[in-house]
Amino acid sequence: MKGKPLAAIVSAGLSKFGKRDGLSGREIFAEAAKEAFERCPNLEPKKDIGALIVGNMSESFEHQCHLAPIMSDWAGLLHTPALRVEAACASSGAAIRYGLFTILSGICDVVMVGGFEKMTHRTTFEATEYLAMASDFPLEQWNGATFPGLFALMATAHMHEYGTTEEQMALVAVKNHHNATLNPKAHMQREITVDQVLSSRVIAKPLKLFDCSLISDGASCAILTKPEIARKYTDTPVYIIGSGHGTDAIGLYERDSLTSLKATRLAAKEAYEMAGLSPKDIDIAEIHDCFTIAEIIAYEDLGFCNPGEGGKFIEDGVPTLDGELPVNTSGGLKAKGHPVGATGVAQLYEIFLQLTGQAEGRQVENCNIGLTQNLGGSGATCIVHIYRRG
Amino acid sequence: MSETTQFTIEQFYKFIGERKLMGAKCNKCGNIFVPPRPICPKCLSEDLSWVQLGNRGKLLTYTVIHVAPEKFQNMAPYAFGIVELRDGVRLPGIIQGVKHEDLMVGMELEVDFDTNVSPTWPKWPRYFFKPP
């Protein structure tokens, strides 16, 4: 049945994002869990939560595999079944989807989903190398590709095919930095200008430092329940009504298009159909702006505008905080920060706050339907979810 | 089937070491693909042959990488792009011998080889692009 609640979100938590010196991933995850539990006094975490599904990209950062039982323990859930999922930067978007499946299976009534990454203690070289592991090794990494390099290839192609400009990309960064000034948990809370973006140092032409998201430490989590029992835990649940998961070839060079991500299109199609909604029904969205060009391409792939019109979409101000369809009110990966494994559930957290009227200085009025789009790597995975105010 | 003719990435790079750019061709549907794999990704046939690909192609998109992984840092900034060969196969790689300001979508490039293998795993050589 279209638009039927698949699960309810009854609580969510987010750590402060940023450079969290002296902390390890598990301690940051515990910080997010604490908020989710405090927001939900009727929840008895250890008794009620049937499983924890936690997203994390890379064991290289902390030299630690076998992460799920650790997160379960540090969250105060020792002995609760826990599993890590990995889908590069879409790891915790995937955790949401498999959290939903766990509830829909009927085995668990309450599931905790989350994600984390501890990154900033590593050098730029190390972080660049670990992140690049999410691209194809034999042809891309071996022959000199980097992550910014792959998105730069898409940017060059988009500029060549549609006339998209570096100024339009810069506007995405300016917007997201502005939104982050209103989010006390954001990694970076300062306004930037188009000129600052354009004159920042080149990372991979045409992408400059301020076109790139941040290397951050952070964690996120949410409590999902069967829809029928949501009101036992909160008067203001948010329902997940659509879920989509697209995959594509690992190598950018192998894909049909260099200016559109098929994984996003497939995930969006599945999620819209399940929700019985279309792009024009979306009131607010958190989308995966790992690089400014990625947000522009996502406007198009999610159907917010036509192919090639993403640059104009931002130029016209549609996705700004007071625009018709605010995108990345949290500040996005660009300015809120991008602890990769935490990002998918951090997007859900922002939609949860917005749809329950708790987004304070960045609250969007009259929003009922939200969407999140979480991309893995250069686009071999995409997870889309659609949410409705309860 | 002998080990040397298996449709593996290892074998792809063995050919690169012999200065040959080879792809897998499906004898059933005609699809040519790189990297090779044990089944045709289009029709799932296992009836495959190796074919030598033409070295010429055109640049589909490019970037200039300034922040590089450690093992490429001594080359940075370097040009990197995706080239579509005449057979329709696409390859990513470093572009040498072109001034960065002269890079253009659509420009003709050809594949060349650096047959030195890495001292540690995976002990593969590399290919790169240059002007014809």
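How are α4(A) and α14(A) oriented to each other? I will come back to that after a word on the model. What we have here is a predicted model, in which local features need pLDDT of at least 70 and side-chain atom pairs count only at pLDDT 80 or more, while totals for chains, interfaces and linings use all residues. Residues are numbered from 1 along each chain as its sequence is written, and chains are lettered from A and ligands numbered from 1 in the order in which they are written.

Let me begin with the domains of chain A, whose bounds come from an automatic or database domain assignment. Domain 1 covers 7–122 + 216–238, and domain 2 covers 144–211 + 243–389; their centres, taken over C-alpha atoms, are 23 Å apart. Between them, 36 residues of domain 1 are in contact with 32 residues of domain 2, where contact requires C-beta atoms, placed from the backbone, to lie within 7 Å. On the domain 1 side, β1 (7–14), α4 (91–104), β4 (110–117) and β7 (218–225) of chain A each supply at least two residues, and the largest share, 8 residues, comes from α4(A). Helices (H or I, at least four residues) and strands (E, at least two) are DSSP runs, numbered from the N terminus.

That brings me to α4(A) itself, where 10 of the 14 residues are buried, so the helix is largely enclosed by the rest of the structure. Buried here means that 20 or more other C-beta atoms, placed from the backbone, lie within 10 Å of the residue's own; among the buried residues are Arg97(A), Gly99(A), Thr102(A) and Ile103(A). As for length, the expected span (1.5 Å times one less than the number of residues) is 20 Å, and the end C-alpha atoms are 20 Å apart, which agrees. After the helix comes Gly106(A), with a positive phi near 90°.

Now to the opening question: the axes of α4(A) and α14 (residues 343–355) of chain A come within 5 Å and cross at roughly 65°, the axes being lines fitted to C-alpha atoms over the stretch in contact, with angles running from 0 to 180 degrees between N-to-C directions. The two helices are therefore roughly perpendicular to each other, a label that covers 65 to 115 degrees. On the α4(A) side, the residues that meet α14(A) include Ser91(A), Gly93(A) and Ile96(A), and their counterparts include Thr343(A) and Leu348(A).

Finally, the contact between the chains takes 25 residues from chain B and 28 residues from chain A, and β4(B) gives the most to the chain B side, with 6 residues.

Key
Contact = placed C-beta atoms within 7 Å. Buried ≥ 20, exposed ≤ 12 C-beta atoms within 10 Å, placed from the backbone. Parallel < 35°, antiparallel > 145°, perpendicular 65-115°, else oblique.
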